[in-house]
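Please look over the structure shown below.

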Amino acid sequence: MYNNLLSYGDFIQLNNSCNSKELLEEIKDFTWFKYNPRKNIERYGLSITSEDGKLTGKDLDSLYELSKDTGKIYDEDSFTTLTDVYRKSKQIQKLVDPFKPWLCRTHLLNFKKGGYFPPHIDNRGFHGKQFIRLLVPIRKCNPSFLYFMYEDKLLNFNRGYTYFLNTNKKHAIFSFSDDSTMLVMNLECCKESIEQIQRYMLWR
């Protein structure tokens, strides 16, 4: 089924959007946590789902390192309980609710100037595709504020719209702003979630 979705492309805009200014106003009182605090990189996260619904930043750690340290296997589906960030924001609800039955680790990411993700791919196993990645650019996610490289292409987003991205291919992010913010949704990869994404495709 995932390959069927890829027949439409690796980067697909969906007809599901939010008012990004209202979203930022709704979440302005929450405290952001360092994203992957084991690395000295200027990235911060705000959890929309977590392990127990609390805002501790645990789900923003490296899942590999977290599993190694605790002896418990953590993956995207270890963090499915909605937090107060979801409950506080009507705009986040608009983005998340169509995909709620399959929702896994989901959060907002803020890049400070100099924040980045080095080139990488996200498929870590040999058991087929387990999770699907959706992105929503909220603020300053295009050049010259932020550069999102996908293989040899520079991606450009329409602010507030949801995008499917095939993260099995190499991608990297580099921020030149203190305010670059995006929402990252991980979904269980199954027939139903893929069909829902197809229903929301902007062009079909």
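A residue is called buried if its relative accessible area is under 20%, exposed if it is over 50%, and partly exposed in between, using a 1.4 Å probe and protein chains only. The model is predicted, so local features need pLDDT of at least 70 and side-chain atom pairs count only at pLDDT 80 or more, while totals for chains, interfaces and linings use all residues. Residues are numbered from 1 along each chain as its sequence is written, and side-chain values use heavy atoms, with hydrogens and water left out.

**The sheet**

Helices (H or I, at least four residues) and strands (E, at least two) are DSSP runs numbered from the N terminus. Two strands pair if DSSP finds at least two bridges between them. An open sheet is formed by 7 strands in the order β1-β11-β8-β13-β6-β3-β2, with antiparallel pairing. Its edge strands, β1 (11-17) and β2 (33-34), each pair on one side only. Inside this order, β8 (residues 131-139) pairs with β11 (residues 161-165) in the antiparallel sense over 3 bridges. In this pair, L135 stands opposite Y163 in β11.

**Two helices**

Helix α6 (residues 191-199) packs on the sheet and touches β1, β8 and β13 (180-188); contact means heavy atoms within 4.5 Å. The buried residues of α6 are S193, I194, Q196, I197 and Q198. Their cover includes α1 (2-6), β1, β8 and β13.

In helix α3 (residues 63-70), the buried residues are L63, L66 and S67. They lie on the same side of α3, because they cover an arc of only 100° around the axis; the arc is that of the directions from the helix axis to the C-beta atoms. An α-helix has 3.6 residues a turn, so residues three or four places apart point the same way. The face of α3 turned away from the buried side carries the exposed residues Y64, K68 and D69. Strand β6 (103-111) is included in what covers the buried residues of α3.

**Backbone angles**

Most residues other than glycine have a negative phi, and most peptide bonds are trans.

| Residue | Phi | Loop |
|---|---|---|
| E151 | about 50° | between β9 and β10 (153-155) |

N36 counts as buried, at 9% relative accessibility, whereas E151 is partly exposed, with a relative accessible area of 41%. A cis peptide bond joins P143 and S144, with omega about 10°. S144 is in the loop between β8 and β9 (146-150).

Definitions and conventions. Axes fitted to C-alpha atoms, helices over the stretch in contact; angles between N-to-C directions.
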